[in-house]
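Subject: Structure handover

Hello,

Here is the structure I promised to pass on. Please open it first, then read my notes below.

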Amino acid sequence: MALASLSKVVLGSAAFGVFWVLAVFPSVPFMPIGRTAGALLGAALMVVFHVISPDDAYASVDLPILGLLFATMVVGGYLKSVGMFGHLGRLLAWRSQGGRDLLCRVCVVTALASALFTNDTCCVVLTEFVLELAAERNLPAKPFLLALATSANIGSSATPIGNPQNLVIAFNSKITFVGFFLGILPAMVAGMAVNMVMLLCMYWKDLEGNSPDAIAAEKEMAAVEEGRRPSPATSGTLKSPGQTMLVQSSSLVAAADHDSVMVESISTKHRWFIQCSAPQRRLFLKSFAYIVTAGMLVAYMLGLNMSWTAITTAVALIVVDFRDAELCLGKVSYSLLVFFTGMFVTVSGFNKTGLPGAIWNVMAPYSKISHVSGVTVLSIIIIILSNLASNVPTVLLMGDEVAASAATISAAAVTRSWLLLAWVSTVAGNLSLLGSAANLIVCEQARRAPRNAHDLTFWSHVVFGAPSTLVVTAVGIPLIGIINAA
């Protein structure tokens, strides 16, 4: 695309710069309006400066992506209310054998869950579980928070619904759910393993906490020395080692069951529900939520429209809930949807200046994915842009250009270029706290936790995130090439 007039290039770049500053630094002293308002401001400036017309601005908003994001949040809310994520917490706690074993579990469970339920959702619901588990074993919180954030990003790379940038890539590239999954799965598994090993190596000594059985024994010994009788919880733990985690992690189970209270207390005038007991109602709603969610995943794999499949699933849950949906819909993050709306317009306006295309034209000869050097240069560009402008804007800016460049090689190269963009832009989010929304969610959730709060600083994340990003990215790229060349 040719460069626009000088005035459009300058004004469009200025509007995009405002958006970028407020997206990366939402609380800047001179304009602390936040990311969402910053995205709207950037979009408005693009229209006011005549960089993009109002009609083109509305047309640039990708409704299928917004619909899929909205429906995924609704479905995630219902799954949380029926205790789905409580089961994940129990899985992390069950018969854990010390700090290193627990860290590995956090990495694996988080990565797999993020591929199905998005990285942001998993980080929201699992952060407090992880803090609680670490505190019960007298372990530092930092390694587990890093494991949660980085594994969530790596795991989310495997599916189109794992994170927002993958949604953009799936819609623009027309790659099927199964094709996307199989194309990135080997890289995701290898990346998760490498990230886990790096965490263990860096924090090996810090993870030498006691096992739950040892902690319970210490409590009983202290009670005997003080002439007091051990508490029933402690005695029960010692008598039933297999149920140790059910006793030690009672607070986790209580927290998970708290989500189910919402299901039990549903008020409805439906005759069948009135005649059923509370356990029957809870069992019915849980079963229905799990069944329709599994059906949604099957529909994705069959290649059905992802946006309308998710919307249909959300509507089915709302209808069967038999109550006013305002409570559920009120938990949707509308600010995130508004942020994406403003970002679509802002990025579209910036593209119309022709500046991204001109920059890419300079770098394209050195970024051919048919050569190792080209893939390396392309990956470095994606990593830098993903941490400067965030991964979703990077995908929006570079996606078509990268695919067009790959089309000159072969049709298979186009698919590989999209998957490469998905992999690198997602893993790039692990470099710093600002690289991914999932990182910021873990940081804020941990800082505001009612118990065992921990402040994960920018630099403490970079110390591990930077080497992890480079190594994991390098490990995954050849696997993406192999699986799609076969």
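Ser386 sits in helix 21, residues 372-388. Helices here are DSSP runs of H or I with at least four residues, numbered from the N terminus. Note that this is a predicted model: local features need pLDDT of at least 70, side-chain atom pairs count only at pLDDT 80 or more, and totals for chains, interfaces and linings use all residues. Residues are numbered from 1 along each chain as its sequence is written, and side-chain values use heavy atoms, with hydrogens and water left out.

Back to Ser386. Is Ser386 buried or exposed? Ser386 counts as buried because its relative accessibility is 1%. The cut-offs are under 20% relative accessible area for buried, over 50% for exposed, and partly exposed in between, with a 1.4 Å probe and protein chains only. Setting aside neighbours within four places in sequence, Ser386 is in contact with Asn391, Thr394, Ser425, Ala428 and Gly435. Contact means heavy atoms within 4.5 Å. Thr426 is 40 residues from Ser386 in sequence, and their C-alpha atoms are 8.4 Å apart.

Asn391 turns up again in a helix pair. Helix 9 (residues 164-173) and helix 22 (residues 391-407) have axes that come within 8 Å and cross at roughly 20°. Helix 9 is therefore roughly parallel to helix 22. Angles under 35 degrees count as roughly parallel, over 145 as roughly antiparallel, 65 to 115 as roughly perpendicular, and the rest as oblique. Axes are lines fitted to C-alpha atoms, for helices over the stretch in contact, and angles run from 0 to 180 degrees between N-to-C directions. The crossing of helix 9 with helix 22 is right-handed. By definition, the near helix is then turned clockwise from the far one by less than a right angle; anticlockwise makes a crossing left-handed. On the helix 9 side are Pro164, Gln165, Val168 and Ile169, which meet Asn391, Val392, Val395 and Leu396 in helix 22. That contact has 6 nonpolar, 2 polar and no charged residues. Ala, Val, Leu, Ile, Met, Phe, Trp, Tyr, Cys and Pro count as nonpolar, Asp, Glu, Lys and Arg as charged, and the others, Gly among them, as polar.

Next, helix 2 (residues 34-48) and helix 19 (residues 334-352). Their axes come within 8 Å and cross at roughly 35°. Helix 2 passes helix 19 in a left-handed crossing. The residues of this contact divide into 9 nonpolar, 6 polar and 1 charged.

How many salt bridges does the structure hold? There are 2. A salt bridge is a side-chain nitrogen of Lys or Arg within 4 Å of a carboxyl oxygen of Asp or Glu.

- Lys352 pairs with Asp56, at 4.0 Å from N to O. The two link distant parts of the chain, 296 residues apart: Lys352 in helix 19, Asp56 in helix 3 (residues 54-60). Lys352 is partly exposed at 32%, and Asp56 is partly exposed at 36%.
- Arg105 pairs with Asp101, their closest N and O atoms 3.2 Å apart. Both lie in helix 6 (residues 99-117), 4 residues apart, about one turn of the helix. Arg105 counts as buried at 19%, while Asp101 is partly exposed at 24%.

Best wishes
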